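Take a look at the structure shown here. The paragraphs that follow lead through it step by step.

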Amino acid sequence: MSGSDPEPPASRYPPPGRVEPQWPPLVTVAAAIILQFLLPDRLDAGPRWLLPALEGVVLIGLLAASPSRITGHNVRRRRVSLVLVGFVSAANAVALVLLAQLLLHHQVNNGHQLIIAGALIWLTNVLIFALWYWELDRGGPGVRAEGADGPPDFLFPQMASDSPAPLWRPQFADYLYVSLTNATAFSPTDTMPLSVPAKLIMGLQSLVSLVVIGLVISRAVNIL
């Protein structure tokens with residue numbers, strides 16, 4: 001070979017589009033609704049059935065908009081999905097506020113119940129923010145499925161220049177893992193937020209997780 005310079009590597013972003021199954025986020029939403037039903041009655045702002053019923057209706061609408069897999073951007077599906085995630089987020093936020101008020105302003109003797117309630121809220125928090133990350137990154141799952149990505153909101157290890165997987169794309173399980181590690185460590189671990197919305201959402205999740213673990217769980221342990 002001559003002494004000419006090697007050709008620069010081809011751009012790896014964005015990789016080709018990839019169809020994504022719809023069932024992982026649907027199962028995640030259903031699990032979050034079930035966890036809400038397991039919370040004590042005192043952590044409901046209104047009738048116990050009202051908000052889960054509304055969430056169930058929106059979940060059915062999401063299933064109808066994209067029943068099996070996500071192949072491209074669908075405005076209706078995205079709107080329904082964001083409304084559904086917003087409903088579940090609001091319900092979990094209300095439960096956390098009510099639980100904090102219960103601890104701060106009332107005499108509580110049932111530590112076991114508080115530990116269970118705190119664990120349910122924390123786990124729901126992990127599921128909810130996985131959905132937010134999945135909907136936020138690069139314009140949403142529909143845009144990613146088309147291969148028409150916007151700028152990345154998260155930098156996964158597989159996106160590094162020396163990654164052995166140049167055509168890799170994140171799926172829902174990857175965002176669920178990001179949510180779990182962020183809620184556990186109160187900070188990013190192997191996946192870094194790049195955009196301002198991603199940083200704000202990850203910071204909010206860390207704050208909620210810290211409140212649940214630091215205030216609720218520690219107080220419940222002291223009661224035991």
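The structure is a predicted model. Which helices supply its lining? At least two lining residues come from each of α3 (75–105), α4 and α7 (196–223). Helix α3 gives the largest share, with five residues. The lining includes Ser89, Asn92, Ala93, Leu96 and Val97. Asn125, Ile128, Phe129 and Trp132 also line this pocket. So do Ile201, Leu204 and Val208. What kinds of residue are these? Nine are nonpolar and three are polar, and the lining has no charged residues.

Charged side chains do pair up, though, in salt bridges. How many salt bridges are there? The count comes to five. One of them joins Arg144 and Glu20, with their closest N and O atoms 4.0 Å apart. Arg144 sits in helix α5 (residues 141–146) and Glu20 in strand β1 (residues 20–21), so this pair ties together parts that are 124 residues apart in sequence. Are the two partners buried or exposed? The cut-off for buried is under 20% relative accessible area. Arg144 has 2% relative accessibility, so Arg144 counts as buried. Glu20 has 3%, so Glu20 counts as buried too.

Next comes Arg138. Where is this residue? Arg138 is placed in the loop between α4 and α5. Its side chain meets that of Asp137 in a salt bridge, at 3.5 Å from N to O. The relative accessible area of Asp137 is 0%, so Asp137 is buried. Arg138 is buried as well, at 2%.

Arg138 has another partner. The side chains of Asp149 and Arg138 form a salt bridge at 3.1 Å, N to O. This pair links distant parts of the chain, eleven residues apart. Asp149 lies in the loop between α5 and β3 (154–155), while Arg138 lies in the loop between α4 (111–136) and α5. Both residues of the pair are buried. Which residues make up the network? Salt bridges with shared partners join Asp137, Arg138, Asp149 and Arg169 into one network.

The backbone of Arg138 also deserves a look. Most residues other than glycine have a negative phi. The phi of Arg138 is positive, near 60°, and this residue is not glycine.

Which other residue has a positive phi near 60°? Phe186 does, and Phe186 is likewise a residue other than glycine. Phe186 is in the loop between α6 and β4 (192–193). Is Phe186 buried or partly exposed? With a relative accessible area of 33%, Phe186 is partly exposed.

Phe186 leads on to Thr181. Thr181 belongs to helix α6 (residues 172–185). Its relative accessibility is 14%, so Thr181 counts as buried. What does Thr181 touch, leaving aside its neighbours within four places in sequence? Thr181 is in contact with Phe186, Ser187 and Thr189.

Conventions
Residues are numbered from 1 along each chain as its sequence is written. This is a predicted model: local features need pLDDT of at least 70, side-chain atom pairs count only at pLDDT 80 or more; totals for chains, interfaces and linings use all residues. Side-chain values use heavy atoms; hydrogens and water are left out. Helices (H or I, at least four residues) and strands (E, at least two) are DSSP runs, numbered from the N terminus. Buried means under 20% relative accessible area, exposed over 50%, partly exposed in between (1.4 Å probe, protein chains only). Contact means heavy atoms within 4.5 Å. On a 1 Å grid over the protein atoms alone, a cavity is a set of points where a 1.4 Å probe fits but cannot get out, and a pocket is an open set with protein on both sides within 12 Å along at least five of seven lines; lining residues have an atom within 4 Å of a point. Ala, Val, Leu, Ile, Met, Phe, Trp, Tyr, Cys and Pro count as nonpolar, Asp, Glu, Lys and Arg as charged, and the others, Gly among them, as polar.
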